[in-house]
Each structure stands twice: as structure tokens, then as C-alpha cells.
Amino acid sequence: MSLDLIVRGATLPDGRKDIDIAARDGRIVAIERGIQAEAEVIVDASGRLASPPFVDCHFHMDATLSLGLPRLNQSGTLLEGIALWGELKPLLTHEAVAERALRYCDLAVSQGLLAVRSHVDVCDDRLVAVEALLDVRAKVKPYLDLQLVAFPQDGYFRSANAARNLERALDLGVEVVGGIPHFERTMAEGAASVAALCEIAAKRGLMIDLHCDESDDPLSRHIETLAFEATRLGLGVRATGSHLTSMHSMDNYYVSKLLPLIAESSVNVISNPLINITLQGRHDAYPRRRGLTRIAELRAHGVPVALGQDCVMDPWYGLGGADMLDVAHMAVHAVPMTSREAIAWTFDAVTEIPARVMGLEDYGLEIGAFADMVVLQAADPIEAVRLRATRLAVIRRGRIVARTPPKVTDLMIPERPETIDPASYAPRA
Ligand SMILES: [Zn+2]
């Protein structure tokens, strides 16, 4: 058997050790110990973790890398971010949006992030960002799956032509319906926008992913309407509520009723820890709320929860670097959730779970799946999160698309080790 690539001696996310993974014609053809075959390329994992690639199911690629254009967000709030983006929007050009997006995708690949769901603002009659990202989606297809959401940033009802432009974007090939009910003028209009957008998704047979209740307002309850409409229209797992930060502040009795309703609807939830911990609680004095949704409670009710990145160097967030392990690491701290089980779960929440939310086909480490993988300088998923581990090799369709040397430091202290590999400090299992 002639193979394109073999990863040798890997530890898998499920704990299996010393496993070889073989790829041919872009797909995984064997996962077992000691594969006896030749391959054009051998990747020696030497006991390190090999996992399916990272997936970011909540991002804004039309705004990424625009930090400082045309100015910085002084208050640090969501609302100033939206206003600032509104100042930049008329200045956007197809070339500039596409160039920033392509640069970001380079960075993403280097970090083993090979699938991104990006919202794209449709509240611009020119649809400049939509057309630019459709071009980018086609260009990056060989190395990164980009899924686009038609996002009426300024409100489906509140912004003059948003409804028409959203349909135009979907007609052009944008594949997911978006919305922002908490930004509509009233709670009633917010709820009506959820119903209208779910109807569009149902009619067109599309997925829907709403920015939902991204505020500290305990009475922002659009997730209730989303769960109801998803159930009524049979959207099920095709529907997703992003953020749900108001759940942090909601009345506990109401949440005890809401959680089973979300579970029953099969709606997915996406939390964006880097952004939620920085944008929420800004109107508080002290104590200051964290503002993340109730991840542990949602999980306990069987609701699929994925973690997204949301922003990298844009009007809402000045940091970030396409590192989904940063996102997982922040979730551990900001929720907080520090059990070994929960930390290991955060790794799934930036790989397997968002892949299901996005409906990615042939994803995962199994025979027949695409040969897409990351080899990390870490012994297991918990270590990967702890270290925000170096991506030693990134593999797409059985071909190495990015390599980074292991992080090893020379230490110049007498009678102490000469080199330090941070991954060698892992606790012995
Ligand atoms: Zn967002």
C-alpha cells in the first residue's frame, strides 16, 4: 500500500497512545498501531497529541485586522464597537476586505484553524463585504473551509434595507441566516425578527445563527423565541444561538424553565469567552459581572455548546491571533470551570463540537474522513489548553500546509537542565 502521509506515534484526543494515522488521496485510510507501509511524508509525533483541526464557528472576517480604522474603541463596549464599524463600513473596498481576510486565513492555517464560520455584515447596500468574502471563500477552499452568515449588523428591522440585502446575500450564495434581535428597537421587534429570520431559514432549508441576547440585560429573552421558533419550524440542530450572555444575569427561576426549553429545541449554543469577558459588565460598578452564558448548566442539560473566537484586532477586540486554544483557556478562567473533565471538554468545544454546529462533513480522526489534522507540542488535550501548545504540523487533505518548530528554550543556569521543553512538565498520567 503506497500512502501520501503517515503521522507516527501520536496520542489521540480520546487517550489512545502510540497510534499511526495514514492518509491517501486526501482521506484517512488507517488509524492503528505500527502501520507497515511506505509514505511520501512521515510526521513523527513522538507521543504528542494529534487532533482534528481547530474550528471557529463564530467569527467576523469582514472586520478582522481593521483595528484602529478609522479610530479605536474608547469605551470598550459592544455599542461603541458597532458605531465604530458603522464609520468604517462606507470606506470599505472589495480589495481591502479580501486582503485582510486572506491575511487572516494565513494566520488561521498556521494555528491549525482550518474551518471558520464568519458572519458578514449585509447592512451596506453595496454588499462589498459579502462579495469580497465570497471571493475569499473560493480562494481559500483548498486549505480552509469558510462558511458565511448573512448578518444584519444594524438590525433586520432597524436598518432600512437589511431585509432586502439579507435575501440578496443569500441569493449570492451566503449559506447561513443571521440576526441580532437585541439590537432591534424594541423587545417585540427583536422577537419578531427572530420569527422572520427562522421563517427564511426554514423556507430556504438553511442553517440559522443569531447573535442572541448579547447584553447584561436579564430581561433579554430572545433565546426563548429562538428555541420556540426552531421547534415550531423543525429547524432543530440547524439553529444556533450565539453569545446568550444575558443568561448570566437572568433570574434563576426563569433559567430553570428556559434550559429544558433550549434542550428540547435542539438549538446549539456558541459562547465567545474572549469577547464576552471584555465587552460585558461594562455598565457595572462593583461587583462586576463576567457576562458569559451558563456553559456548565447548558452542558448539564445536554445542549451542545461550542466556543468561538468572534473577533481578532477589530472594533470590538484589540487582541487575538486565530488561536482557538486561547479561546478554550479563557473559557476555563472566565466561567470558571477547572475540573479535569471541563478543561478537556473545552478542547472538544473548539474542535469536534463546532464542526457539528457548522455541519462540516467528513471531519474527525476516523477512517474515511478528510486527512485534516494538527500535531501539537502537548501530551493531551488538557496540556494543549494549558500550554496553548505550538502547532508542530498542520495537515490538510493529507498534505502538510504549515509547520512550526517546537518551542524549546536554552537555559543558561549552572547545574540546571540545558534546555526547557514546556510540554515536558505534563503530570504523569
Ligand atoms: Zn459576533
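In this predicted model, Val375 stands opposite Ala393 in β15.

**The open sheet**

Strand β15 covers residues 391-396. Its partner β14 spans residues 373-376, and four bridges join the two. The strands β14 and β15 run antiparallel. They belong to an open sheet of four strands, ordered β5-β14-β15-β16. Pairing in this sheet is antiparallel. The edges are β5 (49-51) and β16 (399-403), each of which pairs on one side only. From one strand to the next, the twist averages 20°.

**The zinc site**

Which residues coordinate the zinc ion? The donors are His58, His60 and His211, each through NE2, together with Asp310 through OD. Their distances run from 2.1 to 2.5 Å. Along the sequence, the donor residues follow the spacing H-x1-H-x150-H-x98-D. His60 and Asp310 link distant parts of the chain, 250 residues apart. His60 sits in the loop between β6 (54-59) and α1 (78-88). Asp310 sits in the loop between β13 (305-307) and α11 (324-334). Both His60 and Asp310 are buried.

Why is the arrangement around the zinc ion irregular? The four donor atoms subtend angles of 87 to 178°. Four donors count as tetrahedral only if all angles lie between 85 and 135 degrees. For comparison, the ideal angle for four tetrahedral donors is 109.5 degrees.

**Pocket and cavity**

| Largest pocket | about 410 Å³ | 23 residues | Lys141, Asp145, Gly359, Leu360 and Glu361 |

A search of the whole structure finds one cavity of 30 Å³ or more. Helices α1 and α9 (273-279) each give two or more residues to the cavity lining.

The pocket draws on strands instead. Both β7 (113-121) and β8 (145-151) supply at least two residues of its lining. Which element gives the largest share? That is β8, with three residues.

β8 is mostly covered, with seven of its seven residues buried. In a regular strand, side chains alternate between the two faces of the sheet. On one side of β8 lie Asp145, Gln147, Val149 and Phe151. On the other lie Leu146, Leu148 and Ala150. Both faces are covered, and these residues are all buried. Asp145 is also one of the residues closest to the centre of the largest pocket.

Seven bridges join β7 to β8. This pair runs parallel. Within the pair, Ser118 stands opposite Leu148 in β8.

**Leu279 in helix α9**

Leu279 lies in helix α9. Is Leu279 buried or exposed? Its relative accessibility is 5%, so Leu279 counts as buried. The cut-off for that label is under 20%. Leu279 and Asp216 are 63 residues apart in sequence. In space, they are 9.8 Å apart, C-alpha to C-alpha.

Terms used: Residues are numbered from 1 along each chain as its sequence is written. This is a predicted model: local features need pLDDT of at least 70, side-chain atom pairs count only at pLDDT 80 or more; totals for chains, interfaces and linings use all residues. Side-chain values use heavy atoms; hydrogens and water are left out. Two strands pair if DSSP finds at least two bridges between them. Axes are lines fitted to C-alpha atoms, for helices over the stretch in contact, and angles run from 0 to 180 degrees between N-to-C directions. Donors are N, O and S atoms within 2.8 Å of the metal (3.2 Å for Na, K and Ca); water is not among the atoms, so sites may look incomplete. Four donors count as tetrahedral if all angles lie between 85 and 135 degrees; four count as square planar and six as octahedral if opposite donors are over 155 degrees apart and all others between 65 and 115; anything else is irregular. Buried means under 20% relative accessible area, exposed over 50%, partly exposed in between (1.4 Å probe, protein chains only). On a 1 Å grid over the protein atoms alone, a cavity is a set of points where a 1.4 Å probe fits but cannot get out, and a pocket is an open set with protein on both sides within 12 Å along at least five of seven lines; lining residues have an atom within 4 Å of a point. Grid points are joined across faces, edges and corners, and a volume is the space filled by probe spheres set on the points.
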